[in-house]
Amino acid sequence: IKLCDKQLQLVAADGASDPPPSFPSKSKAGKFTDEELDVLALFFTLVKNVFIIGALVHLPPLMALLDPLRHGEELHQTNIRNEQAYFCNITQLVEELPFAK
C-alpha cells in the first residue's frame with residue numbers, strides 16, 4: 001500500500017499497482033456498508049502496525065486520510081469498534097509526539 005496523490009493505492013511487490021480498493025467515502029448518503037467497514041478496519045489496522053514497528057513519520061498522512069471518515073459516524077457500535085479505538089488512541093499519541101511530525 002502506498003500513498004499517491006492523497007489516495008491509498010495497493011502495490012504488488014514487483015511494483016505493479018492494482019486498482020485501488022473501494023475506499024470508504026463520506027460523500028455518499030447513509031451508513032458505511034459492511035464491505036466499506038472492512039476496508040476501513042484494514043486501514044485502521046495498518047496504522048496500528050505502522051505504529052508498532054515505529055515508523056511514526058508515515059502516520060500523519062495516513063491519519064489525515066482516515067480521521068475525517070470516522071467523524072460523525074458511530075463506529076463504536078459496529079464490528080470494527082476495536083480497530084477504531086486503537087486508531088483513535090494512536091492518533092492522540094502521535095499528536096503529542098513531537099518527533100512524529
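Select Phe44 and Phe87: both are buried, where buried means under 20% relative accessible area, exposed over 50% and partly exposed in between, with a 1.4 Å probe and protein chains only. This is a predicted model, in which local features need pLDDT of at least 70 and side-chain atom pairs count only at pLDDT 80 or more, while totals for chains, interfaces and linings use all residues. Residues are numbered from 1 along each chain as its sequence is written, and side-chain values use heavy atoms, with hydrogens and water left out.

**The ring pair**

Keep the two side chains on screen. Rings of Phe, Tyr and Trp (its six-membered ring) pair if their centres lie within 6.5 Å; planes under 30 degrees apart count as stacked, over 60 as edge-to-face and the rest as tilted. By this rule there is one aromatic pair. The ring centres of Phe44 and Phe87 are 4.6 Å apart and the planes are at 25°, so the pair is stacked. Phe44 sits in helix α1 and Phe87 in helix α3, 43 residues apart, so that the pair links distant parts of the chain.

**The whole chain**

Zoom out and colour by secondary structure. The protein has three helices and two strands, in the order β-β-α-α-α along the sequence. Helices (H or I, at least four residues) and strands (E, at least two) are DSSP runs, numbered from the N terminus. Of the 101 residues in the protein, 32% are buried. Contact means heavy atoms within 4.5 Å. Among contacts with a separation of 6 or more, 53% are between residues 24 or more positions apart.

**α1 and α3**

Select α1 (residues 34-53) and α3 (residues 81-96). Their axes are 9 Å apart and the packing angle is about 45°. Axes are lines fitted to C-alpha atoms, for helices over the stretch in contact, and angles run from 0 to 180 degrees between N-to-C directions. Angles under 35 degrees count as roughly parallel, over 145 as roughly antiparallel, 65 to 115 as roughly perpendicular and the rest as oblique. α1 and α3 are therefore oblique to each other. The crossing of α1 past α3 is left-handed; that is, the near helix is turned anticlockwise from the far one by less than a right angle, clockwise being right-handed. To see the contact, show Ala41, Phe44, Thr45, Val47, Lys48 and Phe51 of α1 with Glu83, Gln84, Tyr86, Phe87, Ile90, Leu93 and Val94 of α3. These divide into nine nonpolar, two polar and two charged residues. Ala, Val, Leu, Ile, Met, Phe, Trp, Tyr, Cys and Pro count as nonpolar, Asp, Glu, Lys and Arg as charged, and the others, Gly among them, as polar.

**α1 and α2**

α1 and α2 pack at about 145°, with axes 11 Å apart, and α1 passes α2 in a left-handed crossing. Here Leu40, Phe43, Phe44, Leu46, Val47, Val50 and Phe51 in α1 meet Leu59, Leu62, Leu66, Leu69 and Arg70 in α2. By class, this contact has eleven nonpolar, no polar and one charged residues.

**α2 and α3**

Now hide α1. Select Leu59, Met63, Leu66, Asp67 and Arg70 of α2, then Gln84, Phe87, Cys88, Ile90, Thr91 and Val94 of α3, to show the contact. Seven of its residues are nonpolar, two polar and two charged.

**The loop**

Finish at His76, in the loop between α2 and α3. His76 is partly exposed, with a relative accessible area of 47%. Leaving aside residues up to four places away in sequence, His76 touches Arg81 and Gln84.
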